[in-house]
Amino acid sequence: MIGIKALRIAIIVTCAIILNSCSKDYNSYTFTIRNEYFESLYHTKIGDFLYDTIVKNETTPLEIIHQGSYVFTTETESGLLIKSHITFQGERKNIQLILYKNGRLVIK
Amino acid sequence: MIGGIENINGYVTKIKLLLYLCVLLLCSCNNKHDNLPLRTVIIYMIADNNLDYFSVKNINEMEAGFNNNYNGNLLVYVDRAEGATPSHPIVYKISQDTTEAIMSEVAFVYEEQNSANETVMTNSLLDIIHAYPAQSYGLILWSHGTAWYPEGANISNLKNNDFDTTLRQSPYIKSFGKDGTDELCIKKLKNALPIHFDFILFDACYMGSVEVAYELKDNAHYIISSPTEVLSTGYPYQHIIEDLFEPHVNYEKIAHTFFISYDTLSSALQSATVSVIKTANLIHLAHAVSKIMNDTNKLQVTSVSKIQQYTANEKNFLFDIEDFICNITHDSNQIEACKKALDDVVVFKASTPSILGELKIKKFSGLSIYVPDSSNYIYYDYYKTLDWYKSSAYCNYCNMCNYSK
């Protein structure tokens, strides 16, 4: 039953790549996730980091993540599954991931 | 003098250079246009009502009928009913899939909004058009519909019934633009359409009316619509999607596919009317009708009981246009001129013998028209605001009726 429900969830795929390929890379980066979507987000996952609920307009605490590519996934209150591929690299060390109300994940 | 010639030569060179740049600019514009996909087809589904179940069914059929190699994009704006997952509007970019689930990527998400509002509709259509530009555009309007009648007109008995799961396999009808209790009247719909489309297909009841077509004549080259009710299962999308992406869309084929999908069924399910309207010729039809209306010596009032109706239970809302014309004058030349103009407008038409087993279709010209009667005269004031009313000199007929509200 859960499998069927999962199948019925539409998927938003976004591609958010942090690009600064010509410049200096760090071994690790700091990041936060900000929810500017119009609903709460559940089971948000990036790498080993898991957030049960991120309410509207909430920003998660600062975390440290290693350089590399990750998959970002989250489920909206209405049941939409949002999936994005993110690469942490380049000379910007502090990254804010913002999920906007149109469902797009952007980097600031 | 020599200096003067040099100056003239200089000007000529500059003008030549300017012309050359203009040609280059024009060429680059053409190339840019040619590089665009052939067509973006947008389906605007207002399913925040008792049609919710059928919206999912139809989107699945679109995925089944779509091929990722088509030269264009198929975008579905859908606003589902409360309790659906999700119930707020989203836009799917349809991709090929034959599973029972909707697997297409979501292109946009909107917070809950009234999809039957003209500003919301315009902005949503523009979002899609800007994100998926193409050489041409098509539009399918999917929802309830009540022809030209304004908000609140209860044309169909079944229209406002609550959704009942037992009716999923029954001849449940769907009639345009109902989000909760809000509706989009034909004049607002006209204003909400931000561009000129190749075609507008109404997957909604009753939209095959001369008043609707005339109001939207500058919004599309062709309109595909039904003068009667459309069963809630709607168009057989898995069989028509390919045709929507042909370089020259065969509208007759699309209408015929729709018609056959119902004409081959039995009992009440054998219910469908459809017509393809060439909007460029509507002005000639209005002119032909206005000649009859302006010839007040021959113009006569007819009883609605004599004319083919398009609403079940003879509710006196919508009537066959040709049958009406034949009943209001005896001038055979004028009637023939009208029939000829109507043939040029309705380039394809088809009808089953009856609708929902109760409405017999004995005469079918492909378009409905309003015929004033004491039972429907409350809508006359609104009718007077329609473009068709003005262009067809319809006031002459209405003045002869002498009904009061």
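Visitor: How many salt bridges are counted between chain A and chain B?

Guide: This is a predicted model. For a salt bridge one looks for a side-chain nitrogen of Lys or Arg within 4 Å of a carboxyl oxygen of Asp or Glu. Between chain A and chain B the count is 0.

Visitor: How many residue pairs in polar contact are there between chain A and chain B?

Guide: The count is 2 residue pairs, both at pLDDT 80 or more.

Visitor: What area is buried between chain A and chain B?

Guide: The area is about 1300 Å², and carbon and sulfur atoms give 57% of it. The contact draws 18 residues from chain A and 17 residues from chain B.

Visitor: Let us turn to cysteines. How many disulfides are there over all chains?

Guide: One asks whether a pair of cysteine sulfur atoms lies within 2.5 Å. By this rule there are 0 disulfides over all chains. Cys205(B), for example, is in no disulfide, and the nearest cysteine sulfur, that of Cys185(B), is 18 Å away. For Cys398(B) the nearest cysteine sulfur is that of Cys401(B), at 5.7 Å, and Cys398(B) is likewise in no disulfide.

Visitor: Is Cys205(B) buried or exposed?

Guide: The term buried applies under 20% relative accessible area. Cys205(B) has a relative accessible area of 0%, so Cys205(B) is buried. Cys398(B) has 1% relative accessibility and therefore also counts as buried.

Visitor: Where is Asp52(B) placed?

Guide: Asp52(B) lies in helix H2 of chain B, which covers residues 52–65. With a relative accessible area of 14%, Asp52(B) is buried.

Visitor: With which residue does the side chain of Asp52(B) make a polar contact?

Guide: The partner is the side chain of Arg80(B), at 2.9 Å. Once neighbours within four places in sequence are left aside, Asp52(B) is in contact with Ala47(B), Arg80(B), Ala81(B) and Ala84(B).

How values were computed. Residues numbered from 1 in each chain as written. Chains lettered and ligands numbered in written order. Predicted model: local features only at pLDDT ≥ 70, side-chain atom pairs only at ≥ 80, totals over all residues. Heavy atoms only, no water. Helix = DSSP H or I, 4+ residues; strand = E, 2+ residues; numbered from the N terminus. Buried < 20%, exposed > 50% of the residue type's maximum accessible area, 1.4 Å probe, protein only. Polar contact = N/O pair within 3.5 Å; in protein donor to acceptor, adjacent residues only side chain to side chain. Contact = heavy atoms within 4.5 Å. Buried area = accessible area lost by both parts, 1.4 Å probe.
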